[in-house]
Amino acid sequence: MVIRNALSAAGLVLALGLAGCSTTAPFQTSAASYSGVTDAGYALPTVPVQKIAPEYRRQLVKYDTKEAPGTIIVDTQNKFLYLVEPEGKAMRYGIGVGREGFQWKGSAKVAMKREWPTWTPPAPMIKRQPELAKYAGGMQPGLNNPLGARALYLYKGGRDSGYRLHGTPEWWSIGKNVSSGCIRLINQDIIDLHDRASVGAKVVVL
């Protein structure tokens, strides 16, 4: 299911001196829809978009990079995820990233995409939080599932890295260092990214 963007003009200058990537002004920003929607039988609630900083709302931006269209670039410092598009543009999403001690950098590939995935906490997480042991066999999909409405599974060297790009019901965590290393997006945004991104896509985490 694709949540479409209605685009309107705005301006901003944002420079990224990382990995040879940079944004340029002006850009187009969307009046992105964060309204409630029923998806695969689950009723996603409306996100109070007025409480989300404008820069973290889904928007099409001008973006200069040497990476090919279809590449996903994660700017952990500025809390943005870019899906590179042709003609020097990218779809940009606000994200929540790993808290101190759980941050990582490097490259990976999208090996799988899942709608309403099951969440299985890794053993180190269960050790830190024994109350999660009841989900060792997997937590069923749903509105309270930590992976949200969609998940993109990241592999490195042909092996599961354990990291995901995924949705979250905790929209207020976007723009913060909150996760155990995974990259989280608003559920409406991960649905949009899931529909746009391809299996096999390169992922660069800065």
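Select Asn187 first: its place is in helix H2. The model on screen is a predicted one.

**Stop 1**

Is Asn187 buried or exposed? Asn187 has a relative accessible area of 6%, and because buried means under 20%, Asn187 counts as buried. Show what surrounds Asn187. Leaving out residues up to four places away in sequence, Asn187 touches Leu44, Gly148, Ala149, Gly167, Thr168 and Pro169.

Now widen the selection to the whole of H2, residues 187-196. This helix is mostly covered, with 8 of its 10 residues buried. Colour the buried ones: Asn187, Gln188, Asp189, Ile190, Ile191, Asp192, Leu193 and His194.

**Stop 2: the whole chain**

Zoom out and colour by secondary structure. The chain has 2 helices and 16 strands. Of its 206 residues, 46% are buried. The chain exposes about 9,800 Å², and carbon and sulfur atoms supply 53% of that area. Take the contacts between residues at least 6 apart in sequence: 65% of them join residues at least 24 apart.

Next, colour by pLDDT. The chain averages 84, and 82% of the residues score at least 70. Which elements have the lowest and the highest mean pLDDT? Strand E1 (residues 7-10) has the lowest, 36, and strand E8 (residues 80-85) the highest, 98. Select residues 1-31, where the pLDDT is below 50. In the model this stretch has 79 contacts beyond near neighbours in sequence.

**Stop 3: the largest nonpolar core**

In soluble globular proteins, nonpolar side chains tend to be buried together. The largest nonpolar core here has 28 residues. Select Ile72, Leu81 and Leu193, which touch the most other members. Two or more residues each come from strand E7 (72-75), E8, strand E9 (89-94), strand E11 (106-115), E12, E15, H2 and strand E16 (202-205). The largest share, 3 residues, is from H2. Apart from this core lies another, of 15 residues, including Tyr56, Ala90, Ile174 and Val204.

Go back to Leu81 and show its contacts. Leaving aside neighbours within four places in sequence, Leu81 is in contact with Ile72, Ile73, Val74, Met91, Arg92, Tyr93, Ile95, Leu165, Ile183, Leu185 and Leu193.

**Stop 4**

Select strand E7. In a regular strand the side chains alternate between the two faces of the sheet. What covers the picture on each face of E7? Ile72 and Val74 on one side are buried, and so are Ile73 and Asp75 on the other, leaving both faces covered.

E7 and E8 pair in the antiparallel sense over 4 bridges. Asp75 has Phe80 in E8 as its bridge partner. The two strands form a hairpin with 4 residues between them, and Lys79 in the turn has a positive phi of about 65°.

E7 and E16 run parallel and are joined by 3 bridges. The bridge partner of Ile72 in E16 is Val203.

**Stop 5**

Select Leu152, which lies in strand E12. Its relative accessible area is 0%, so Leu152 is buried. Not counting residues up to four places away in sequence, Leu152 touches Ile72, Val110, Met112, Lys113, Tyr163, Arg164, Leu165, Ile190, Leu193, His194 and Ala197.

Show E12 (residues 150-156) together with strand E13 (residues 159-168). These two run antiparallel and are joined by 5 bridges. Leu165 in E13 is the bridge partner of Leu152. E12 and E13 form a hairpin with 2 residues between them; Gly157 in the turn has a positive phi of about 60°.

Use the distance tool on Leu152 and His166. The two are 14 residues apart along the chain, and their C-alpha atoms are separated by 6.3 Å. His166 also stands opposite Arg184 in E15. Strand E15 (residues 183-186) runs parallel to E13, with 4 bridges joining them.

**Stop 6: Asp39**

The last stop is Asp39, in strand E4 (residues 37-39). Asp39 has 3% relative accessibility and therefore counts as buried. What does the side chain of Asp39 make a polar contact with? The answer is the side chain of Arg150, at 2.9 Å.

Note on methods. Residues numbered from 1 in each chain as written. Predicted model: local features only at pLDDT ≥ 70, side-chain atom pairs only at ≥ 80, totals over all residues. Heavy atoms only, no water. Pairing = 2+ DSSP bridges. pLDDT = per-residue confidence, 0-100. Contact = heavy atoms within 4.5 Å. Buried < 20%, exposed > 50% of the residue type's maximum accessible area, 1.4 Å probe, protein only. Polar contact = N/O pair within 3.5 Å; in protein donor to acceptor, adjacent residues only side chain to side chain. Areas by Shrake-Rupley, 256 points an atom, 1.4 Å probe, with all protein chains shown as cover. Core = buried A, V, L, I, M, F, W, Y, C linked by side-chain atoms within 4.5 Å.
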